Structure formats: C-alpha cells, structure tokens
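Hi,

Here is the structure I promised to pass on. Have a look at it first, and then read on for what turned up.

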Amino acid sequence: MRLKTAFILLSLTLLSQVAVANDNIIGGSIGYGAQNFKLKYDANDGDTVPFDVYYRHMLSDYMGVEAGYTRSSDGILSDFASILSTAYVSSYGGPRLSLYGQYPLSHGNALYAKVGVAYHDVAYTVKDVKHHESKVGGDLQVGWEKRFHNGMGINVGYQFAHSSILTMNNLYVGTSYRF
C-alpha cells in the first residue's frame, strides 16, 4: 500500500513539474499542395490534401525537438491525373522527427522552421496489382505562428519534403496547444 501511494505521489509530482514547465506542445494542421511520385512502376503527379499531427518538446525558449506524423490523400486534380497514369496512389505518409527553431517577432508572434527526416510510405495500384514502397527523406517546414496567453496557437506554413520516391510542396494552416 505504501509503495502504491509513493508511486502515485511521485507520478503526480513529475506530471505537475511537466505541466508547470510549459515546455510541451501538441498540434495539428491540414493543407493543400502538390505531389510528385517517382515509383518503381510509374511516375505520378498531382495535388494532395495532407494533414500533420505532432508533439514538440521545447529545449529552450526558441529551440525544440518535434515528432510528428504526416498523412495525405489525393486531391481532385490527382484523381483526374490517375486516369492518364498507369499508377493510382491510394495513400502516403509516415512519421517524421525534426529540430524546431523560432525567431520571435513580438509577444506571441514568431517565425519558425523545422528541419528533419521523414519516413515516406507510399501505397499504390498498377493494373489492379497493389504495390508498396518506402524511403527515408528530408523534411523542411517554415511558417508563422501566433501563440495566445491561454496556450492555444495558430500557424500557417509551407512544407517541402523529398525522398527518392516522393517530392511534396504543401501549404498548411494549423493549431496547437502549449502545456
């Protein structure tokens, strides 16, 4: 019983320290952009509707480490392009790990950049045969963020991701919460 009580008190103490530190941020964004696939059996270009979710731990006021997951579905133009292509890309996405840095403009306003690596996983179909390819590539994001006093934030940004099978150029709008 005493061990369980001690464990609970220790857990609450550690959690309260994390909450007081205000160094953690969770967020998500949705966007629109262009994709270019260079797959084993075909090449495919088109538009995309990506979303991104992430957790960031701030190491200082202006630097942090971020782990995220990006997923995307085809846009309207990609559906039309798939008629002309032999490959139909059904989905792509994967985890990413980035270093985050920001440059404050004024209280609550900042420019930011994320530089990291991403695992790109692509599932596609060629002549009714399903294929799957994955590669590690680079990920770069830049943007503007507004953080409010209650911890909520909004952001707009640009993402460039590249690997040997995929190139993405996306514009994002998102929200986050700092705790």
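A quick definition to begin with: a cavity here is a set of grid points where a 1.4 Å probe fits but cannot get out, and a residue counts as lining when it has an atom within 4 Å of such a point. Please keep in mind that this is a predicted model.

With that in hand, take the second largest cavity. Its lining is made up of Ser29, Asp52, Tyr112, Lys114, Gln141, Asn155, Gly157, Tyr158 and Tyr172. The elements that put two or more residues into this lining are S5 and S7, and S7 gives the most, with 3 residues. By class, the lining of the second largest cavity splits into 3 nonpolar, 4 polar and 2 charged residues. Its volume is about 40 Å³.

How many cavities of 30 Å³ or more are there? The count comes to 2. The largest cavity has a volume of about 60 Å³. Around it you will find Thr70, Tyr92, Gly93, Gly94, Arg96, Ala118, Tyr119, His120, Asp139, Gln159, Ala161 and Met168. Strand S4 (87–106), strand S5 (109–126) and strand S7 (152–162) each give two or more residues to that lining. Which of the elements gives the most? That is S4, with 4 residues. Sorted by class, the lining of the largest cavity has 5 nonpolar, 5 polar and 2 charged residues.

Now for the charges. Side chains of opposite charge can pair when their charged atoms come close. The count here is 5 salt bridges, and three of them are worth a walk-through:

- Arg96 pairs with Asp52, with the closest N and O atoms 2.7 Å apart. Since Arg96 sits in strand S4 and Asp52 in strand S2 (residues 43–58), the pair ties together parts that are 44 residues apart in sequence. Both Arg96 and Asp52 are buried.
- Glu66 and Arg56 meet in a salt bridge at 2.8 Å, N to O. Glu66 belongs to strand S3 and Arg56 to strand S2, so this pair ties together parts that are 10 residues apart in sequence. Are these two buried or exposed? Glu66 is at 0% relative accessibility and so counts as buried; Arg56 is buried too, with a relative accessible area of 2%.
- Lys114 also meets Glu66 in a salt bridge, at 3.0 Å, N to O. This one links distant parts of the chain, with Lys114 in strand S5 and Glu66 in strand S3, 48 residues apart. Both Lys114 and Glu66 are buried.

Through shared partners, salt bridges join Asp52, Arg56, Glu66, Arg96 and Lys114 into one network. You have met some of these names already: Asp52 and Lys114 are among the residues lining the second largest cavity, and Arg96 is one of those lining the largest.

Last, the surface. A nonpolar patch of about 870 Å² is made by Leu59, Tyr62, Met63, Val65, Leu97, Leu99, Val117, Tyr119 and Val136. Strand S3 (63–74), S4 and S5 each supply at least two of its residues. Val136 is found in strand S6 (residues 129–147). Why does Val136 count as exposed? The cut-off for exposed is over 50% relative accessible area, and Val136 has 60%.

Cheers

Notes
Residues numbered from 1 in each chain as written. Predicted model: local features only at pLDDT ≥ 70, side-chain atom pairs only at ≥ 80, totals over all residues. Heavy atoms only, no water. 1 Å grid on protein atoms, 1.4 Å probe; cavity = no way out; pocket = protein on both sides within 12 Å on 5 of 7 lines; lining within 4 Å. Points joined across faces, edges and corners; volume = space filled by probe spheres on them. Nonpolar A, V, L, I, M, F, W, Y, C, P; charged D, E, K, R; others polar. Patch = residues over 30% accessible without salt bridge, like charges linked within 9 Å, V, L, I, M, F, W, Y side chains within 5 Å. Areas by Shrake-Rupley, 256 points an atom, 1.4 Å probe, with all protein chains shown as cover. Salt bridge = Lys/Arg side-chain N within 4 Å of Asp/Glu carboxyl O. Buried < 20%, exposed > 50% of the residue type's maximum accessible area, 1.4 Å probe, protein only.
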